[in-house]
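Please examine the sequence and the structure before turning to the solutions.

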Amino acid sequence: MAGSDGGLLIVGSVALDSVETPSGRVERALGGAAVYSSIAASFFAPVRLVGVVGEDFPKEHIAFLASRGIDTRGLQVIPGGRTFHWKGAYYGDLNQAETIATELNVFRDFNPRLPEDYRRCRFVFLANIDPELQLAVLDQVESPTLTACDTMNFWIEGKKAALLEVLNRVDVAFMNDAEVRLLTGQSNLNRAAEEVRKLGPRYVVVKKGEHGAVMYCNESICFTAASYPLHQVVDPTGAGDSFAGGFMGYIARVGEINEANLRRAVVYGSALASFNVQDFSLNRLKHLTMEEIHARCEEFRRIVHFDPE
Ligand code: AMP
(Lines give C-alpha, C1' and ligand atoms only; values in the text may rest on other atoms or scores of the structure.)
Protein backbone atom coordinates (compact mmCIF):
# COMPACT_ATOMS: atom_id res chain seq x y z
CA MET A 1 0.00 0.00 0.00
CA ALA A 2 1.51 3.36 -1.04
CA GLY A 3 2.63 5.50 1.87
CA SER A 4 1.65 2.94 4.51
CA ASP A 5 3.91 1.72 7.24
CA GLY A 6 4.36 -1.85 8.50
CA GLY A 7 4.56 -0.81 12.15
CA LEU A 8 2.08 -1.60 14.89
CA LEU A 9 0.24 1.23 16.61
CA ILE A 10 -0.86 0.46 20.18
CA VAL A 11 -3.10 2.61 22.37
CA GLY A 12 -4.20 1.64 25.87
CA SER A 13 -3.58 2.06 29.56
CA VAL A 14 -0.07 2.85 30.77
CA ALA A 15 -0.27 2.18 34.46
CA LEU A 16 1.17 1.81 37.88
CA ASP A 17 -0.35 -1.40 39.28
CA SER A 18 -0.70 -2.57 42.87
CA VAL A 19 -1.32 -6.28 42.69
CA GLU A 20 -1.71 -9.08 45.21
CA THR A 21 -1.60 -12.77 44.29
CA PRO A 22 -1.07 -15.92 46.37
CA SER A 23 2.67 -15.58 45.48
CA GLY A 24 3.10 -12.06 46.91
CA ARG A 25 2.40 -8.43 46.12
CA VAL A 26 3.77 -5.38 44.31
CA GLU A 27 2.96 -1.69 44.87
CA ARG A 28 2.78 0.80 41.99
CA ALA A 29 4.73 -1.47 39.64
CA LEU A 30 4.91 -0.90 35.89
CA GLY A 31 1.77 -2.16 34.17
CA GLY A 32 -1.07 -1.21 31.86
CA ALA A 33 -2.56 -2.94 28.86
CA ALA A 34 -0.55 -0.87 26.35
CA VAL A 35 2.70 -1.58 28.19
CA TYR A 36 2.27 -5.36 28.34
CA SER A 37 1.13 -5.54 24.73
CA SER A 38 3.84 -3.19 23.41
CA ILE A 39 6.63 -5.08 25.14
CA ALA A 40 5.27 -8.43 23.87
CA ALA A 41 4.87 -7.07 20.32
CA SER A 42 8.35 -5.50 20.34
CA PHE A 43 9.87 -8.98 19.94
CA PHE A 44 8.41 -9.05 16.42
CA ALA A 45 7.76 -5.60 14.97
CA PRO A 46 8.33 -1.86 15.49
CA VAL A 47 5.74 -0.49 17.92
CA ARG A 48 4.37 3.05 18.21
CA LEU A 49 2.77 3.66 21.58
CA VAL A 50 -0.08 6.07 22.33
CA GLY A 51 -1.01 6.80 25.93
CA VAL A 52 -0.67 9.21 28.80
CA VAL A 53 1.10 9.25 32.16
CA GLY A 54 1.55 11.75 34.96
CA GLU A 55 4.68 13.34 36.32
CA ASP A 56 4.87 10.54 38.92
CA PHE A 57 5.61 7.92 36.22
CA PRO A 58 9.24 6.84 36.78
CA LYS A 59 11.50 7.85 33.89
CA GLU A 60 13.19 4.44 34.04
CA HIS A 61 9.92 2.89 32.74
CA ILE A 62 9.99 5.13 29.65
CA ALA A 63 13.67 4.23 29.20
CA PHE A 64 12.73 0.53 29.39
CA LEU A 65 10.09 0.96 26.65
CA ALA A 66 12.61 2.82 24.50
CA SER A 67 15.23 0.11 25.12
CA ARG A 68 12.84 -2.35 23.44
CA GLY A 69 12.73 -0.08 20.37
CA ILE A 70 9.22 1.20 21.19
CA ASP A 71 8.46 4.64 19.81
CA THR A 72 7.16 6.69 22.76
CA ARG A 73 6.56 10.02 20.98
CA GLY A 74 2.83 9.28 21.36
CA LEU A 75 3.13 8.90 25.13
CA GLN A 76 2.10 12.21 26.70
CA VAL A 77 3.50 13.17 30.10
CA ILE A 78 1.16 15.56 31.95
CA PRO A 79 2.99 17.99 34.25
CA GLY A 80 1.59 17.69 37.78
CA GLY A 81 -0.66 14.80 36.65
CA ARG A 82 -1.03 11.40 38.29
CA THR A 83 -0.64 8.18 36.34
CA PHE A 84 -3.52 5.69 35.91
CA HIS A 85 -3.44 3.37 38.93
CA TRP A 86 -5.07 -0.06 39.06
CA LYS A 87 -5.29 -2.05 42.25
CA GLY A 88 -6.26 -5.68 41.91
CA ALA A 89 -6.04 -9.03 43.63
CA TYR A 90 -6.42 -12.68 42.76
CA TYR A 91 -7.95 -14.81 45.48
CA GLY A 92 -7.83 -18.49 44.66
CA ASP A 93 -9.00 -18.23 41.03
CA LEU A 94 -6.01 -16.97 39.09
CA ASN A 95 -8.15 -16.55 35.96
CA GLN A 96 -10.23 -13.79 37.51
CA ALA A 97 -8.84 -10.52 38.87
CA GLU A 98 -10.82 -8.71 41.54
CA THR A 99 -10.55 -4.97 40.93
CA ILE A 100 -10.11 -3.11 44.21
CA ALA A 101 -9.60 0.36 42.71
CA THR A 102 -9.44 1.95 39.26
CA GLU A 103 -8.00 5.47 39.39
CA LEU A 104 -8.20 6.84 35.84
CA ASN A 105 -6.36 10.07 36.79
CA VAL A 106 -4.69 11.48 33.61
CA PHE A 107 -6.75 9.15 31.40
CA ARG A 108 -9.89 11.05 32.42
CA ASP A 109 -9.00 14.09 30.27
CA PHE A 110 -6.88 12.34 27.68
CA ASN A 111 -7.34 13.45 24.10
CA PRO A 112 -5.06 11.30 21.93
CA ARG A 113 -3.40 13.17 19.04
CA LEU A 114 -1.39 10.85 16.83
CA PRO A 115 1.94 12.04 15.43
CA GLU A 116 1.63 12.24 11.61
CA ASP A 117 3.63 9.06 10.85
CA TYR A 118 1.64 7.03 13.44
CA ARG A 119 -1.47 7.50 11.28
CA ARG A 120 -0.02 5.39 8.50
CA CYS A 121 0.60 2.24 10.58
CA ARG A 122 -0.82 -0.80 8.80
CA PHE A 123 -1.60 -2.57 12.06
CA VAL A 124 -3.53 -1.11 14.99
CA PHE A 125 -4.15 -2.61 18.40
CA LEU A 126 -6.66 -0.83 20.64
CA ALA A 127 -5.61 -2.29 23.98
CA ASN A 128 -7.87 -2.04 27.01
CA ILE A 129 -8.92 1.54 27.79
CA ASP A 130 -12.04 3.73 27.56
CA PRO A 131 -13.69 2.72 24.24
CA GLU A 132 -14.23 6.41 23.45
CA LEU A 133 -10.44 6.81 23.38
CA GLN A 134 -10.17 3.70 21.20
CA LEU A 135 -12.61 5.34 18.77
CA ALA A 136 -10.66 8.61 18.83
CA VAL A 137 -7.56 6.70 17.73
CA LEU A 138 -9.43 4.72 15.05
CA ASP A 139 -10.70 8.03 13.63
CA GLN A 140 -7.14 9.20 13.07
CA VAL A 141 -5.59 6.19 11.32
CA GLU A 142 -5.51 5.95 7.52
CA SER A 143 -6.83 2.68 6.05
CA PRO A 144 -4.97 0.14 8.22
CA THR A 145 -4.68 -3.48 7.04
CA LEU A 146 -5.78 -5.01 10.35
CA THR A 147 -7.30 -3.45 13.46
CA ALA A 148 -7.92 -5.23 16.76
CA CYS A 149 -9.34 -4.39 20.16
CA ASP A 150 -9.42 -5.68 23.70
CA THR A 151 -11.62 -4.60 26.61
CA MET A 152 -12.72 -5.63 30.09
CA ASN A 153 -15.76 -5.82 32.41
CA PHE A 154 -15.21 -2.22 33.62
CA TRP A 155 -15.97 -0.87 30.10
CA ILE A 156 -18.56 -3.53 29.14
CA GLU A 157 -20.57 -2.41 32.16
CA GLY A 158 -19.74 1.31 32.02
CA LYS A 159 -19.45 2.25 28.31
CA LYS A 160 -21.27 -0.43 26.36
CA ALA A 161 -22.55 1.77 23.50
CA ALA A 162 -19.06 3.07 22.67
CA LEU A 163 -17.65 -0.44 22.98
CA LEU A 164 -20.23 -1.79 20.51
CA GLU A 165 -19.13 0.89 18.06
CA VAL A 166 -15.49 -0.15 18.49
CA LEU A 167 -16.43 -3.80 17.88
CA ASN A 168 -18.33 -2.78 14.77
CA ARG A 169 -15.20 -1.14 13.36
CA VAL A 170 -12.40 -3.63 14.12
CA ASP A 171 -11.27 -6.82 12.39
CA VAL A 172 -10.22 -8.76 15.49
CA ALA A 173 -11.64 -8.80 19.03
CA PHE A 174 -9.60 -10.26 21.87
CA MET A 175 -11.71 -11.06 24.92
CA ASN A 176 -11.56 -13.51 27.76
CA ASP A 177 -14.30 -16.07 28.41
CA ALA A 178 -15.94 -14.07 31.22
CA GLU A 179 -16.00 -10.94 29.04
CA VAL A 180 -17.72 -12.55 26.04
CA ARG A 181 -20.32 -14.03 28.40
CA LEU A 182 -20.85 -10.69 30.13
CA LEU A 183 -21.16 -8.79 26.85
CA THR A 184 -23.62 -11.20 25.22
CA GLY A 185 -25.46 -12.67 28.22
CA GLN A 186 -24.84 -16.05 26.60
CA SER A 187 -23.30 -18.77 28.78
CA ASN A 188 -22.30 -21.15 25.96
CA LEU A 189 -18.89 -19.87 24.91
CA ASN A 190 -19.18 -20.89 21.25
CA ARG A 191 -22.52 -19.14 20.87
CA ALA A 192 -21.26 -16.12 22.81
CA ALA A 193 -18.23 -15.79 20.51
CA GLU A 194 -20.47 -16.14 17.47
CA GLU A 195 -22.64 -13.30 18.78
CA VAL A 196 -19.57 -11.11 19.22
CA ARG A 197 -18.56 -11.91 15.64
CA LYS A 198 -21.98 -10.73 14.48
CA LEU A 199 -21.26 -7.37 16.12
CA GLY A 200 -18.52 -6.74 13.57
CA PRO A 201 -15.11 -8.43 13.99
CA ARG A 202 -14.15 -11.05 11.40
CA TYR A 203 -12.09 -12.85 14.03
CA VAL A 204 -12.89 -13.30 17.70
CA VAL A 205 -10.11 -14.67 19.87
CA VAL A 206 -11.33 -15.94 23.23
CA LYS A 207 -8.68 -16.34 25.91
CA LYS A 208 -9.46 -18.94 28.52
CA GLY A 209 -6.54 -18.51 30.92
CA GLU A 210 -5.02 -21.84 31.86
CA HIS A 211 -7.37 -23.53 29.34
CA GLY A 212 -5.82 -21.94 26.27
CA ALA A 213 -7.31 -19.76 23.53
CA VAL A 214 -9.81 -20.26 20.72
CA MET A 215 -9.98 -18.28 17.48
CA TYR A 216 -13.40 -18.04 15.81
CA CYS A 217 -13.87 -17.08 12.17
CA ASN A 218 -16.21 -18.04 9.31
CA GLU A 219 -18.96 -19.18 11.66
CA SER A 220 -16.79 -21.86 13.26
CA ILE A 221 -13.73 -22.45 15.35
CA CYS A 222 -10.73 -22.04 13.06
CA PHE A 223 -8.03 -22.71 15.63
CA THR A 224 -7.63 -23.71 19.22
CA ALA A 225 -4.39 -23.50 21.20
CA ALA A 226 -3.52 -25.15 24.47
CA SER A 227 -2.04 -23.01 27.20
CA TYR A 228 1.49 -23.82 28.27
CA PRO A 229 1.46 -26.26 31.21
CA LEU A 230 3.13 -24.14 33.91
CA HIS A 231 3.55 -25.43 37.45
CA GLN A 232 3.31 -22.01 39.01
CA VAL A 233 1.55 -18.82 37.96
CA VAL A 234 3.06 -15.96 39.96
CA ASP A 235 0.95 -13.07 38.62
CA PRO A 236 -1.68 -13.39 35.85
CA THR A 237 -1.84 -9.60 35.32
CA GLY A 238 -1.20 -8.70 31.71
CA ALA A 239 -1.62 -12.23 30.35
CA GLY A 240 -4.35 -11.09 27.96
CA ASP A 241 -2.38 -8.04 26.89
CA SER A 242 0.84 -9.92 26.26
CA PHE A 243 -1.18 -12.52 24.32
CA ALA A 244 -2.66 -9.81 22.09
CA GLY A 245 0.72 -8.05 21.76
CA GLY A 246 2.43 -11.28 20.68
CA PHE A 247 -0.40 -12.01 18.22
CA MET A 248 -0.46 -8.53 16.67
CA GLY A 249 3.34 -8.17 16.68
CA TYR A 250 3.69 -11.43 14.77
CA ILE A 251 1.00 -10.40 12.23
CA ALA A 252 2.72 -7.02 11.76
CA ARG A 253 6.01 -8.79 11.15
CA VAL A 254 4.70 -11.19 8.50
CA GLY A 255 2.36 -8.56 7.04
CA GLU A 256 -0.05 -10.96 5.41
CA ILE A 257 -3.39 -12.05 6.87
CA ASN A 258 -4.02 -15.69 6.08
CA GLU A 259 -5.09 -18.64 8.16
CA ALA A 260 -1.60 -20.11 8.59
CA ASN A 261 -0.26 -16.78 9.88
CA LEU A 262 -3.25 -16.27 12.17
CA ARG A 263 -2.75 -19.72 13.68
CA ARG A 264 0.91 -19.00 14.31
CA ALA A 265 -0.06 -15.64 15.80
CA VAL A 266 -2.28 -17.41 18.36
CA VAL A 267 0.65 -19.65 19.33
CA TYR A 268 3.09 -16.73 19.65
CA GLY A 269 0.47 -14.90 21.72
CA SER A 270 0.08 -17.92 23.98
CA ALA A 271 3.85 -18.18 24.38
CA LEU A 272 4.24 -14.51 25.39
CA ALA A 273 1.34 -14.79 27.86
CA SER A 274 2.83 -17.92 29.41
CA PHE A 275 6.16 -16.17 30.05
CA ASN A 276 4.48 -13.05 31.38
CA VAL A 277 2.64 -14.84 34.20
CA GLN A 278 5.86 -16.34 35.56
CA ASP A 279 6.71 -13.15 37.47
CA PHE A 280 5.16 -9.88 38.68
CA SER A 281 4.77 -6.81 36.49
CA LEU A 282 7.01 -6.89 33.38
CA ASN A 283 9.80 -8.67 35.24
CA ARG A 284 9.82 -11.87 33.17
CA LEU A 285 9.45 -10.13 29.79
CA LYS A 286 12.36 -7.82 30.71
CA HIS A 287 14.89 -10.60 30.28
CA LEU A 288 13.04 -12.79 27.78
CA THR A 289 14.90 -13.77 24.61
CA MET A 290 13.70 -14.65 21.12
CA GLU A 291 15.35 -18.07 21.52
CA GLU A 292 13.18 -18.78 24.56
CA ILE A 293 10.06 -17.74 22.62
CA HIS A 294 10.90 -20.08 19.74
CA ALA A 295 11.66 -22.94 22.11
CA ARG A 296 8.29 -22.51 23.84
CA CYS A 297 6.45 -22.48 20.49
CA GLU A 298 8.22 -25.71 19.62
CA GLU A 299 6.98 -27.15 22.93
CA PHE A 300 3.43 -26.08 22.00
CA ARG A 301 3.80 -27.98 18.76
CA ARG A 302 5.08 -31.06 20.53
CA ILE A 303 2.26 -31.21 23.07
CA VAL A 304 -0.60 -30.94 20.54
CA HIS A 305 0.90 -33.09 17.79
CA PHE A 306 -0.53 -36.51 17.05
CA ASP A 307 -0.35 -38.92 14.15
CA PRO A 308 -3.62 -40.36 12.83
CA GLU A 309 -3.64 -44.16 12.76
P1 AMP B 1 -5.06 -8.18 31.83
O2 AMP B 1 -4.54 -8.91 33.03
O3 AMP B 1 -4.37 -8.61 30.57
O4 AMP B 1 -6.53 -8.20 31.69
O5 AMP B 1 -4.69 -6.62 32.01
C6 AMP B 1 -4.11 -6.10 33.17
C7 AMP B 1 -3.81 -4.63 32.99
O8 AMP B 1 -5.02 -3.91 32.72
C9 AMP B 1 -3.22 -4.02 34.24
O10 AMP B 1 -1.85 -3.74 34.04
C11 AMP B 1 -4.05 -2.75 34.50
O12 AMP B 1 -3.27 -1.60 34.65
C13 AMP B 1 -4.93 -2.62 33.28
N14 AMP B 1 -6.30 -2.19 33.61
C15 AMP B 1 -7.03 -2.50 34.70
N16 AMP B 1 -8.24 -1.90 34.65
C17 AMP B 1 -8.26 -1.18 33.51
C18 AMP B 1 -9.24 -0.33 32.86
N19 AMP B 1 -10.44 -0.11 33.42
N20 AMP B 1 -8.89 0.22 31.68
C21 AMP B 1 -7.70 -0.01 31.12
N22 AMP B 1 -6.76 -0.78 31.65
C23 AMP B 1 -7.02 -1.38 32.85
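**Exercise 1.** How many Å separate a nitrogen atom of the ligand from an N or O atom in the side chain of asparagine 128?

*Solution.* The model is a predicted one. In the side chain of asparagine 128, an N or O atom is 3.3 Å from a nitrogen atom of the ligand. Next, consider tryptophan 155, which has a polar side-chain atom 3.0 Å from a ligand nitrogen atom. Aspartate 17 involves an oxygen atom of the ligand, with a distance of 2.4 Å to an N or O atom of the side chain. Finally, the surroundings: the ligand has 20 residues around it, and the closest are Ser13, Asp17, Gly32, Gly238 and Asp241.

**Exercise 2.** Determine how H6 and H7 are arranged, and describe their contact.

*Solution.* Helix H6 spans residues 177–184 and helix H7 residues 189–198; their axes lie 9 Å apart at an angle of about 65°. Angles of 65 to 115 degrees count as roughly perpendicular, and H6 and H7 are therefore roughly perpendicular to each other. The crossing is left-handed. H6 contributes Asp177, Val180, Arg181, Leu183 and Thr184 to the contact, while H7 contributes Leu189, Ala192, Glu195 and Val196. By class, these residues comprise 5 nonpolar, 1 polar and 3 charged.

**Exercise 3.** Carry out the corresponding analysis for H9 and H11.

*Solution.* Helix H9 (residues 259–276) packs against helix H11 (residues 290–304) at about 115°, with an axis separation of 9 Å. That angle makes H9 roughly perpendicular to H11. Their crossing is right-handed. Among the contact residues are Tyr268 and Phe275 of H9 and His294 and Phe300 of H11. The contact of H9 with H11 includes 8 nonpolar, 3 polar and 2 charged residues.

Key: Residues numbered from 1 in each chain as written. Predicted model: local features only at pLDDT ≥ 70, side-chain atom pairs only at ≥ 80, totals over all residues. Heavy atoms only, no water. Axes fitted to C-alpha atoms, helices over the stretch in contact; angles between N-to-C directions. Helix = DSSP H or I, 4+ residues; strand = E, 2+ residues; numbered from the N terminus. Parallel < 35°, antiparallel > 145°, perpendicular 65-115°, else oblique. Left-handed = near helix turned anticlockwise from the far one by under 90°. Contact = heavy atoms within 4.5 Å. Nonpolar A, V, L, I, M, F, W, Y, C, P; charged D, E, K, R; others polar. Near = heavy atom within 4 Å. Polar contact = N/O pair within 3.5 Å; in protein donor to acceptor, adjacent residues only side chain to side chain.
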